[in-house]
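User: I'm new to this one and would like to learn how to read it. Could you walk me through a few features?

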Amino acid sequence: MVLRAFKKVFHKPAYVAIGTMTSLTAFVFAVWLPNIGLVVDVLFSSGSLSERFGLPLSLLGSISTNFSIISEFYIIATAVLFGMNLAMIIYFFKRRSVGFSRVGATTGLAGTASGALGIGCVACGSGPILITAILVSVGAGTLTQFLPFKGQEFSVAGIIFLTASIYLTARQIESPAVCKF
Amino acid sequence: MKTGNLLIPLAVIVAGIIIAGTVYFRAKGNGDVLVSQTKTTTEKLEELENMNPITGDDHILGNPNAPIKIVEYSDFECPACKLFQNIMTRVMMSDYGKSGKVAWVYRHMPIDLLHPLNARKEAVASECAAELGGNDAFWKFANRLFELSLSNDDTDIKIVIPQVAREIGLDETKFALCFESGKYDAHIQEDLDNANATGGTGTPWSIVIAPNGKKYPLSGTQPEFAIKQLIDRASKGI
C-alpha cells in the first residue's frame, strides 16, 4: 500500500522536485545551523556571487567533520523523510480538498519539530543546537546533558514521527474517497 | 472546509515558525557554558569584539605578524578539537601558514560540564610546558597531548601528562611543581570567560581576524577547504 502510494506520488516529476528541493533545503539548513550567523553575514555581504556563495558552500563539507556519524544519519534521514512527507501531503491535497487525517498532520508536524530539535553537531558543549538554545533561554541549558543520549532522543523521535506520518498519508492516498453516511 | 483540513496549512505555518525559530534562537542562543540573553545576529557578531587582544603571552603558531590570525578556543578532552587540531596543522603546513599569511593562536576553553576531570588540568599542564620550554614547547605539548588523548575525560592524565612532558624534554621536577602550583588557574579561567564573552557555544570555537580588523566566527570543526575559503575571504576583508 505504501509502495503503491509512493509510485503514485513520485512518478510525477513535480513531486520528485518538491521532495528533493525540500530535503535539500532541510539538509543545507541543518548543516549550516552551527555557523548560521557567519553564513547569513556572508550571503548578504557585498562581493561577487562566487564570493558570497563560496564559503557557505564549502561549509557544507562540515557534514563530514562537524557531525558524528550518528548525527549525519539523523540529519540525512530527517531531511529525506521531511521532503517525502511534504510532497505526499501536497499530492494528497491537490487530489482531495477534504478528509486529511488530523492524526497524520499532527504526526508529521511532531516529526518535523522533533527532528529539528534533535539537530546537533559534534562540537563539544554544543549539544542539539535548537533544543539547547531553547532550554538556555529558559535558564536550563544544561538539561540535555543529563539525558541518556544528550538530546539525540529528539532526533530518533523525529524519524519515528515522520515515518508514521508518511505511512498515514500513504494510507489516505490509497484509500478511496467515499462519502460516509 | 472542515476543522481537520485546517490542520495542514497550520502544520506548514508551524513548521515555518520552527525553522524561523531555529535561526532566531541559534542567532541569540548559546550552549551549555553560556549566557542566556536575547541577541540578534548583529549583536552576536558584535560580541566578537570582546575578544582579548593578541599579545606576546599568547601561544602563536606561524608568523606573529601575519595579516590573518585564527584565534581558537579549545579543550584538550574534546574529540572535535582533536580533529580540528589536525586540520589546522594541515592549514599551517600549507602555503597559508608557510608564507606567513596566517597565524594560529591557541586559547583555553575547558568545558567543565563535559570534561570535569581532565580539561582544566591539561590546560594548566600546557601552560607549564610553555613556561618551561617556550612557545615551541607549548605547541609540541599540545600536539602530542591531543595525539595521546582518548577524549571525553577517558585520558589517564596521571600517566599521559608526565609522559608528554618527558617526551618533549621538559624538566620533570620543575614541570610537576608548576603543575601542582595552581599558578595558571586564573589564566585558564580568563580564557574561558573570554571565549564565552565572544559568543563561544562549544569547542572548538574560532575567530578569524582579517587584516582590516573584521572578525569572523567559526563554530565547530570545519573542513580544511572551508577554513581556507574563510582565510581567502578575510584577506579581502569582505
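User: Let's start with contacts. Leaving aside its neighbours within four places in sequence, which residues is B:V208 in contact with?

Analyst: Keep in mind that this is a predicted model. Skipping those sequence neighbours, B:V208 is in contact with B:I68, B:I70, B:Y216, B:L218, B:L230, B:I231 and B:A234. B:V208 also belongs to the largest nonpolar core, which has 95 residues. Along with A:M88, B:V102, B:A129 and B:L230, B:V208 touches the most other members.

User: Which helix gives the most to this core?

Analyst: That's helix α5 of chain B, residues 119–148, with 15 residues.

User: How do I read a helix that has a buried side? Where are the buried residues of α7(B)?

Analyst: Start with the general idea: an α-helix has 3.6 residues a turn, so residues three or four places apart point the same way. Now the case here. Helix α7 of chain B covers residues 172–181, and its buried residues are B:F175, B:C178 and B:F179. These cover an arc of only 100 degrees around the axis, so they sit on the same side of α7(B). Over on the other side, B:T173, B:E180 and B:S181 are exposed.

User: What do the buried residues of α7(B) pack against?

Analyst: They pack against α5 and α6 of chain B, the latter being residues 157–167. Just after α7(B) comes B:G182, with a positive phi of about 80 degrees.

User: And sheets? What is the strand order in the open sheet of chain B?

Analyst: In general, strands of a sheet pair through backbone hydrogen bonds, either parallel or antiparallel. In this open sheet, five strands follow the order β1-β3-β2-β4-β5, and the pairing is mixed. The edge strands, each pairing on one side only, are β1 (59–62) and β5 (215–219) of chain B. Ignoring direction, neighbouring strands are turned by 20 degrees against each other on average. Take β1(B) as a close-up: four bridges join it to β3 (residues 102–108) of chain B, and the two run antiparallel. There, B:L61 stands opposite B:W104 in β3(B).

User: How many helices and strands are there in chain A?

Analyst: Chain A has eight helices and zero strands. Of its 181 residues, 46% count as buried.

User: Is A:T78 buried or exposed?

Analyst: Buried, because 26 other C-beta atoms lie within 10 Å; the cut-off for that label is 20 or more. You'll find A:T78 in helix α5 of chain A, residues 69–95. A:T78 and A:A30 are 48 residues apart in sequence, and their C-alpha atoms are 9.9 Å apart in space.

Terms used
Residues numbered from 1 in each chain as written. Chains lettered and ligands numbered in written order. Predicted model: local features only at pLDDT ≥ 70, side-chain atom pairs only at ≥ 80, totals over all residues. Core = buried A, V, L, I, M, F, W, Y, C linked by C-beta atoms within 7 Å. Buried ≥ 20, exposed ≤ 12 C-beta atoms within 10 Å, placed from the backbone. Contact = placed C-beta atoms within 7 Å. Arc of directions from axis to C-beta. Pairing = 2+ DSSP bridges. Axes fitted to C-alpha atoms, helices over the stretch in contact; angles between N-to-C directions.
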